[in-house]
Amino acid sequence: MTASYLNDSLGELAQTAVSLRDGDTVATVVFMDEPGEHHLVLERVGDDLRIQVRWFDDWASRGLYPVDQFDTVLETHGTVQEFVAVVTGALDNVLKEWGTKGYKVKWVKHSFPMKKYRLLAVH
């Protein structure tokens with residue numbers, strides 16, 4: 001999936017991992033493209049996680065496209081623990097490759113989600 005600097009997708013992903021780990025049952029992460037966007041839709045059922053990736057032809061998250069008109073491009077499942085581990089690993093990799101300053105240069109409007117990263121790293 002492509003992710004534009006126009007949205008804080010990494011920050012949303014980190015927040016979603018924290019909130020699902022802490023008991024939330026539904027979350028969506030937006031990955032904006034230009035045009036269009038993917039939505040990573042996660043539904044927690046106990047410790048299991050239903051995962052769906054939806055494609056919208058324009059920005060549904062900004063009200064420019066109907067939220068009920070999408071193509072499902074992936075459906076799978078896993079556990080909350082697996083999701084948290086994958087997100088934490090991705091954050092580790094981004095931090096190692098770019099550092100906080102390099103990330104800010106690359107993503108312009110968004111800083112590396114350090115507070116959320118630390119919440120994930122301590123568990």
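The largest pocket is lined by 20 residues, among which Ala-3, Ser-9, Leu-10, Leu-13 and Phe-31 lie nearest its centre; a pocket here is an open set of points on a 1 Å grid over the protein atoms alone, where a 1.4 Å probe fits, with protein on both sides within 12 Å along at least five of seven lines, and lining residues have an atom within 4 Å of a point. The model is a predicted one, in which local features need pLDDT of at least 70 and side-chain atom pairs count only at pLDDT 80 or more, whereas totals for chains, interfaces and linings use all residues. Residues are numbered from 1 along each chain as its sequence is written, and side-chain values use heavy atoms, with hydrogens and water left out.

Two helices, α1 (9-21) and α2 (80-107), each supply at least two residues of this lining, and α2 gives the most, with nine residues; helices are DSSP runs of H or I with at least four residues, numbered from the N terminus.

How far apart are the end C-alpha atoms of α2? Although α2 has 28 residues, its end C-alpha atoms are only 27 Å apart, short of the 40 Å that a straight helix would reach at 1.5 Å a residue, the expected span being 1.5 Å times one less than the number of residues. A kink of about 85° in α2 is centred on Gly-99, where the bend is the angle between axes fitted to the seven residues ending there and the seven starting there. Just after α2, Val-108 takes a positive phi of about 55°.
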